[in-house]
Amino acid sequence: PPSSETPVPPPPKKTLSEEEFAASLSDPIVTLEISIPHDPTQTAWNFHGQTVSLRVDVKSKIKAIKEELRGQLNKIPANKLQLKHPSLGFLKDAATLAQLNLGPLVNLEMVPKTRGGRK
């Protein structure tokens with residue numbers, strides 16, 4: 001007969017410290033695949049629905065990654081960019097990839113920051 005016990009969910013994945021996570025990687029350089037939105041109203045910033053690939057150190061701050069991404073997007077101001085991870089949501093500028101336990105291959109979505117309400 002089937003057991004009446006409820007299945008026990010697996011324990012949550014433990015987040016490693018920045019140092020532990022960096023040490024766990026075979027290479028400190030991680031590859032970021034960043035999806036850029038397709039927005040014909042933003043042609044000045046190269047929003048053509050492309051994917052930009054960057055190789056950065058795992059201890060890079062999100063702010064530094066945004067600065068590097070600017071070069072691919074016609075120098076859009078970094079404060080106009082947000083990077084979004086599928087499970088972590090929007091990434092804070094001060095965090096490093098290692099603090100967030102992201103690597104060796106990371107898929108992110110670039111979201112333009114908008115101000116104000118509806119148009």
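Predicted model: local features only at pLDDT ≥ 70, side-chain atom pairs only at ≥ 80, totals over all residues.
Five strands make up an open sheet, ordered β2-β1-β5-β3-β4, with mixed pairing. The edges are β2 and β4; each has a single partner strand, so one side of each has no neighbour in the sheet.

Now the pairs. β1 and β2 run antiparallel and are joined by seven bridges. Within that pair, Val 30 sits opposite Val 56 of β2. On to β5: β1 and β5 run parallel, with five bridges between them, and here Ser 35 stands opposite Glu 109 in β5. At the other end of the order, strand β3, residues 81-85, is antiparallel to β4, and two bridges join them. His 85 has Gly 89 in β4 as its bridge partner.

Next, helix α2. α2 lies across β1, β2, β3 and β5, and runs at about 115° to β3. Which residues of α2 are buried? They are Ile 62, Ile 65, Lys 66 and Leu 69. These four cover an arc of only 100° around the axis, which places them on the same side of α2. The general rule behind such a pattern is that an α-helix has 3.6 residues a turn, so residues three or four places apart point the same way. The cover over the buried residues of α2 includes β1, β2, β3 and β5.

Ile 65 and Leu 69 have already come up as buried residues of α2. Leu 97 is worth a look on its own. Leaving aside residues up to four places away in sequence, Leu 97 touches Val 30, Leu 32, Val 56, Asp 57, Val 58, Ser 60, Ile 62, Ile 65 and Leu 102. In general, nonpolar side chains tend to be buried together in soluble globular proteins.

Now the charged pairs. How many salt bridges does a search of the whole structure find? The search finds four, and I'll go through some of them.

Take Lys 59 and Glu 19, whose side chains meet at 3.2 Å, N to O.

Lys 66 counts as buried, at 3% relative accessibility, whereas Asp 93 is partly exposed, at 30%.

Another is local. Arg 70 and Glu 67 form a salt bridge at 3.1 Å, N to O. Both are in helix α2, three residues apart, which is about one turn of the helix. Glu 67 is partly exposed, with a relative accessible area of 37%.

Last, the backbone. Most residues other than glycine have a negative phi, and most peptide bonds are trans. Where does Asn 46 lie? Asn 46 is in the loop between β1 and β2, and has a positive phi of about 60° without being a glycine. Asn 46 is partly exposed, at 22% relative accessibility. Asn 101 also has a positive phi, near 60°. Asn 101 belongs to the loop between β4 and β5 and is buried, at 14% relative accessible area.

The loop between β4 and β5 also holds Pro 104. The peptide bond from Gly 103 to Pro 104 is cis, with omega near -5°. Finally, Pro 104 and Ser 26 are 78 residues apart in sequence, yet their C-alpha atoms are 8.7 Å apart in space. Ser 26 is in the loop between α1 and β1 (29-35), and is exposed, with a relative accessible area of 83%.

Definitions and conventions
Residues numbered from 1 in each chain as written. Heavy atoms only, no water. Buried < 20%, exposed > 50% of the residue type's maximum accessible area, 1.4 Å probe, protein only. Pairing = 2+ DSSP bridges. Contact = heavy atoms within 4.5 Å. Axes fitted to C-alpha atoms, helices over the stretch in contact; angles between N-to-C directions. Arc of directions from axis to C-beta.
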